[in-house]
Amino acid sequence: MGWDFETDPDVQRELDWVDEFVRTEIEPVDQVIEHAWNVHDPARNALIKPLQDVVRDRGLWACHLGPELGGKGYGQLRLALLNEQLGRSHSAPVVFGCQAPDSGNAEILAHYGTEHLKKTYLEPLVANEIVSCFSMTEPHGGSDPTGFRTTAVLDGDDWVINGEKWFSSHALFADFLIVMAVTEPDAPRHKSMSMFVVPADTPGLERVRDVSVWGHEESVGTHQYLRYTDVRVPAENLLGERGAGFAVAQTRLGGGRIHHAMRTVGLVTTAFELMKRRAVSRTTKGDRLADKQLVAQMIADTWIELEQFRLLVLRTAWRIDRYNDYRKVRADISAVKAAMPKVLLDASSRAIQIHGSLGISTELPFGKWVMESFHMGLADGATEIHKVNLAQALLRGTDPDDGLFPPYIRPTLRAAAHDRFADVLAAAADDD
Ligand SMILES: Cc1cc2nc3c(=O)[nH]c(=O)nc-3n(C[C@H](O)[C@H](O)[C@H](O)COP(=O)(O)OP(=O)(O)OC[C@H]3O[C@@H](n4cnc5c(N)ncnc54)[C@H](O)[C@@H]3O)c2cc1C
């Protein structure tokens, strides 16, 4: 029997340390810095860098990476348990060196970058001396990448990029961007695009405007609307083969989606814990809120949904480790991705409701998490698309039934059973 729902004691000890460290050392930092990704902010650096050193000394730095890149090669299951702890805090993923989108961009560079690109960008990225941006979505539509219009044309030894990108998160702080552009306009659509490294200071890269999202308090929006006008990069900045942009993108998206889900388990767990605390602390008409049945239902529903979601995430992480091939777990990841926004939205909404006016105020984080649930339902692919992908995968191999009625209706099943047991039934009737 291979089923097991217990954590090894040595891993649990590590997780307990992480839990305490996040609670006592990192969560207070969240209260005073504007954006943990902003490596140009002196206050952020003064507070975050010493914590990163503690994590390095503890051997927990960049655990998502294999040992060849300075990580521990933890595997996704163990990483899931770690990320649950980190998901509670804005800064914790950065303190542990496993924050999106840098984690996925590092994977792309590790797989497809030249030695020079690795030295220039991957090493400082993994060390969090710099941060990066993934610039793929376009203003006229993100869900259908086959309609992207940004082009890259080879001119001598350079690629020349023209087009517009929308919602390029962290472009504000990034030292380089990974950009998707059409290079093979005549090829089948899924082989028409390529991926490039674009240094952030390349001439022709224009920041049209900074875009912010509801629930975030930073003074400047960190999701940029970018225009690329004759942006020139050397030929070696092509990542992977010409026309392999979609395959390269998958390198980061599979891992990115499941890592968001692991961290979301942490957020939902926190919403659940705070909900319980308020329910047993607040009284109304002589009873605790917890004693009101409709409040008790909110607590019960949240736990059920959290546990269901957590098990799905852990099982998917286990399958990634087992098969070591994202193509084999694509449907599982779509299921996790599609489930994630609703679990977070429902838990955050109930946490608001139970906390009343305090819950909806900016003194508690739940409103931000409601918006975060929409983030989870859009970034890395809209929920609807993941559901359709999942359904298609689940339906594969299911054959249609012939005939006017399906063969599993009761009259058909009974007739077949009567035929099969005719002798036994006849003998039993004779004995009567
Ligand atoms: C917080 C945040 C951060 C992001 N960061 C980045 C980033 O760093 N880099 C980057 O490149 N992009 C980023 N994005 C963009 C993200 O990838 C897109 O939002 C996403 O791909 C959807 O594209 P869209 O916003 O253009 O919506 P649209 O494509 O216009 O879709 C809008 C809605 O239409 C429906 N829909 C679309 N297609 C289908 C379909 N096939 N079937 C059924 N319904 C459908 C869905 O309800 C969907 O939500 C980010 C988005 C958010 C919210």
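Start by colouring the three domains: domain 1 (9-99), domain 2 (132-239) and domain 3 (247-395), with bounds from an automatic or database domain assignment. This is a predicted model, where local features need pLDDT of at least 70, side-chain atom pairs count only at pLDDT 80 or more, and totals for chains, interfaces and linings use all residues. Residues are numbered from 1 along each chain as its sequence is written.

Next, show domains 1 and 2 together. Their C-alpha centres lie 29 Å apart. Six residues of domain 1 are in contact with five of domain 2 (in contact: C-beta atoms, placed from the backbone, within 7 Å).

Now select helix α1, residues 9-30 (helices are DSSP runs of H or I, at least four residues, and strands are runs of E, at least two, numbered from the N terminus). Val18, Phe21, Val22, Ile26 and Val29 of α1 are buried (20 or more other C-beta atoms, placed from the backbone, within 10 Å of the residue's own).

Finally, move to the ligand. Its shell has 20 residues, the closest being Met136, Thr137, Gly142, Ser143 and Ser169 (a residue is near if its C-beta atom, placed from the backbone, lies within 6 Å). Highlight β3 (158-169), which gives the largest share of that shell, three residues. Domains 2 and 3 both contribute residues to the shell, so the ligand lies between them.

Terms used
The expected span of a helix is 1.5 Å times one less than its number of residues. A residue is buried if 20 or more other C-beta atoms lie within 10 Å of its own, exposed if 12 or fewer, and partly exposed in between; C-beta atoms are placed from the backbone. Two residues are in contact if their C-beta atoms, placed from the backbone, lie within 7 Å.
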